[in-house]
Amino acid sequence: MVFNTGAALLDAIVLSVVSREPEGTYGYRITQEVRSVLDVSESTLYPVLRRLQKDNCLTVYDQEHGGRNRRYYKVTEQGVSQLNMYRAEWQIYSSKISGILQGDNEYE
């Protein structure tokens with residue numbers, strides 16, 4: 001993809017992916033879902049997960065799976081609020097950009 005993906009958009013995408021699983025989901029699965037729509041590396045996504053955890057948007061817990069611990073991420077109430085704000089902002093932003101790219105005369 002030729003468009004750069006900013007930190008806020010990555011945060012929104014990760015929160016959206018994690019929010020789909022009520023009990024949380026693990027890092028590798030998050031990475032695979034995000035990578036199905038964006039060309040990003042694991043080294044890009046794990047700092048996003050840590051930042052969202054630091055900002056109290058995600059909680060983390062470990063669970064045994066196949067003899068190993070697997071780290072799970074779960075959206076907090078604050079994370080849900082943040083995701084809802086991102087969704088509202090995305091609707092406005094994407095509508096304006098689409099209007100410009102499609103040649104519409106009104107941008108507001």
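Visitor: Where is valine 40 placed, and is the residue buried or exposed?
Guide: In this predicted model, the place of valine 40 is the loop between H2 and H3. Its relative accessible area is 12%. Buried means under 20%, so with 12% valine 40 is buried.

Visitor: Which residues is valine 40 in contact with, leaving aside its neighbours within four places in sequence?
Guide: Contact here means heavy atoms within 4.5 Å. With the neighbours within four places in sequence left aside, the contacts of valine 40 are Leu10, Val34, Arg35 and Leu45.

Visitor: How many Å apart in space are valine 40 and glycine 27, C-alpha to C-alpha?
Guide: In sequence, 13 residues separate valine 40 from glycine 27. In space, the C-alpha to C-alpha distance of this pair is 14 Å.

Visitor: In which helix does threonine 31 lie, and what is its relative accessibility?
Guide: Threonine 31 is part of helix H2. Leaving aside neighbours within four places in sequence, threonine 31 is in contact with Glu42, Leu45 and Tyr46. The residue counts as buried because its relative accessibility is 0%.

Visitor: How do the axes of H1 and H2 cross, and is the term for H1 and H2 parallel or oblique?
Guide: The axes of H1 and H2 come within 10 Å and cross at roughly 120°. Angles of 65 to 115 degrees count as roughly perpendicular, and those over 145 as roughly antiparallel.

Visitor: Is the crossing of H1 and H2 left-handed or right-handed, and how do the residues of the contact divide?
Guide: H1 passes H2 in a right-handed crossing. On the H1 side the contact is made by Ile13, Val14, Val17 and Val18, and on the H2 side by Ile30, Glu33 and Val34. These residues divide into six nonpolar, no polar and one charged.

Visitor: Are H1 and H3 roughly parallel or roughly perpendicular to each other?
Guide: Helix H1 covers residues 7-19. Its axis and that of H3 come within 10 Å and cross at roughly 80°. Angles from 65 to 115 degrees count as perpendicular, so H1 and H3 are roughly perpendicular.

Visitor: Which residues make the contact of H1 with H3, and how do they divide?
Guide: H1 contributes Ala7, Leu10, Asp11, Val14 and Leu15. H3 contributes Thr44, Leu45, Val48, Leu49, Arg51 and Leu52. The residues of this contact divide into eight nonpolar, one polar and two charged.

Visitor: Is aspartate 11 buried or exposed, and which residues does it contact?
Guide: Aspartate 11 is found in helix H1. Its relative accessibility is 6%, so aspartate 11 counts as buried. Leaving aside neighbours within four places in sequence, its contacts are Val48, Arg51, Leu52 and Tyr86.

Visitor: What do the buried residues of H1 pack against?
Guide: The buried residues of H1 include Leu10, Ile13, Val14, Leu15, Val17 and Val18. They pack against strand E1, helix H2, H3, E2, E3 and helix H4.

Visitor: How many Å apart are the end C-alpha atoms of H1?
Guide: H1 has 13 residues, and at 1.5 Å a residue they should span 18 Å. The expected span uses one less than the number of residues. The distance between the end C-alpha atoms agrees with the expectation, at 18 Å.

Visitor: Where is valine 75 found, and which residues does it touch?
Guide: Valine 75 is found in strand E3, residues 68-75. At 17% relative accessibility, valine 75 counts as buried. Not counting residues up to four places away in sequence, valine 75 touches Leu15, Val18, Ser19, Cys57, Leu58 and Val80.

Visitor: What is the phi of asparagine 56?
Guide: Asparagine 56 has its place in the loop between helix H3 and strand E2. The residue is partly exposed, with a relative accessible area of 48%. Although asparagine 56 is not a glycine, its phi is positive, at about 60°.

Visitor: In what order do the elements of the protein run from the N terminus on?
Guide: The secondary structure comes to four helices and three strands. From the N terminus on, the order of the elements is α-β-α-α-β-β-α.

Conventions:
Residues are numbered from 1 along each chain as its sequence is written. This is a predicted model: local features need pLDDT of at least 70, side-chain atom pairs count only at pLDDT 80 or more; totals for chains, interfaces and linings use all residues. Side-chain values use heavy atoms; hydrogens and water are left out. Helices (H or I, at least four residues) and strands (E, at least two) are DSSP runs, numbered from the N terminus. Buried means under 20% relative accessible area, exposed over 50%, partly exposed in between (1.4 Å probe, protein chains only). Axes are lines fitted to C-alpha atoms, for helices over the stretch in contact, and angles run from 0 to 180 degrees between N-to-C directions. Angles under 35 degrees count as roughly parallel, over 145 as roughly antiparallel, 65 to 115 as roughly perpendicular and the rest as oblique. Ala, Val, Leu, Ile, Met, Phe, Trp, Tyr, Cys and Pro count as nonpolar, Asp, Glu, Lys and Arg as charged, and the others, Gly among them, as polar. A crossing is left-handed if the near helix is turned anticlockwise from the far one by less than a right angle, and right-handed if clockwise.
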